Amino acid sequence: MADKVKKSALRILLAEPDPGSRRELAAALRKSSFPIKISNVSSPDQLKARLLSGKIDLVIADIRARGFRRFQALSLVRRFGPSVPVIIASRTDTAAAA
């Protein structure tokens, strides 16, 4: 009898204050074949609190998100959730604009 592997939902935290951007990103992520649970924060203080809860598997942050200084989300994750992977994204067209 083969052992069944229970898939746990990947807990993804979006550090993105813009509701439209959150919806677009969440819709794209939900197209994956992996079980996911998406939550969001819109400020550095909220990000810090969620990291301290220890219930995050991945952070996705926009480098130019309103309310966050450039790379502030990355700095907070490294300080308060050093084992949590981070994806830094940009909605700009060029590397120079990012």
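Tutor: Along the sequence, the protein reads β-α-β-α-β-α-β. That pattern covers three helices and four strands. Keep in mind that this is a predicted model.

Student: What makes S2 and S4 edge strands?
Tutor: Look at the pairing. The sheet is open, has four strands and is ordered S2-S1-S3-S4. Strand S2 (36-41) and strand S4 (86-89) each pair on one side only. The pairing in this sheet is parallel. From one strand to the next the twist averages 20°.

Student: How do you know that S1 and S3 are paired?
Tutor: Count the bridges. Pairing takes at least two bridges between two strands. S1 and S3 have four, and they run parallel. Within this pair, Leu14 stands opposite Ile60 in S3.

Student: Which helices lie on the sheet, and at what angles?
Tutor: Helix H1 (residues 19-30) packs on the sheet and touches S1, S2 and S3. Its direction makes about 165° with that of S2. H2 lies across S1, S2 and S3 as well, at about 140° to S2.

Student: What does Arg22 touch?
Tutor: Arg22 lies in helix H1. Leaving aside neighbours within four places in sequence, Arg22 is in contact with Leu14, Glu16, Pro17, Asn40 and Ser42. Take Asn40: its C-alpha atom is 7.8 Å from that of Arg22, and the two are 18 residues apart along the chain.

Student: Which residues does Ala15 contact, beyond its sequence neighbours?
Tutor: Setting aside residues within four places, Ala15 is in contact with Val41, Val59, Ile60, Ala61, Asp62, Ala65 and Phe68.

Student: Why is Gln72 called buried?
Tutor: Set its value against the cut-off. Buried means under 20% relative accessible area. Gln72 has 13% relative accessibility, so Gln72 counts as buried. Gln72 lies in helix H3. Not counting residues up to four places away in sequence, Gln72 touches Pro44 and Gly67.

Student: And why is Ala89 called partly exposed?
Tutor: Ala89 stands at 32% relative accessibility, so Ala89 counts as partly exposed. The place of Ala89 is in strand S4. Its contacts, not counting residues up to four places away, are Ala61, Asp62 and Ile63.

Student: How many salt bridges does the structure hold?
Tutor: One. Asp57 forms it with Arg11.

Student: How do you know that this pair is a salt bridge?
Tutor: The rule asks for a side-chain nitrogen of Lys or Arg within 4 Å of a carboxyl oxygen of Asp or Glu. For Asp57 and Arg11, the closest N and O atoms are 2.9 Å apart. That meets the rule, so the pair is called a salt bridge.

Student: What makes it a link between distant parts of the chain?
Tutor: The partners are 46 residues apart. Asp57 is in the loop between H2 and S3, and Arg11 is in strand S1.

Student: Are the two partners buried or partly exposed?
Tutor: Asp57 has a relative accessible area of 26%, so Asp57 is partly exposed. Arg11 is partly exposed too, at 30%.

Student: What are the figures for the protein as a whole?
Tutor: Of its 98 residues, 32% count as buried. Among contacts between residues at least 6 apart in sequence, 74% join residues at least 24 apart. The protein exposes about 6,700 Å², and carbon and sulfur atoms supply 53% of that area.

Methods
Residues numbered from 1 in each chain as written. Predicted model: local features only at pLDDT ≥ 70, side-chain atom pairs only at ≥ 80, totals over all residues. Heavy atoms only, no water. Contact = heavy atoms within 4.5 Å. Helix = DSSP H or I, 4+ residues; strand = E, 2+ residues; numbered from the N terminus. Axes fitted to C-alpha atoms, helices over the stretch in contact; angles between N-to-C directions. Buried < 20%, exposed > 50% of the residue type's maximum accessible area, 1.4 Å probe, protein only. Areas by Shrake-Rupley, 256 points an atom, 1.4 Å probe, with all protein chains shown as cover.
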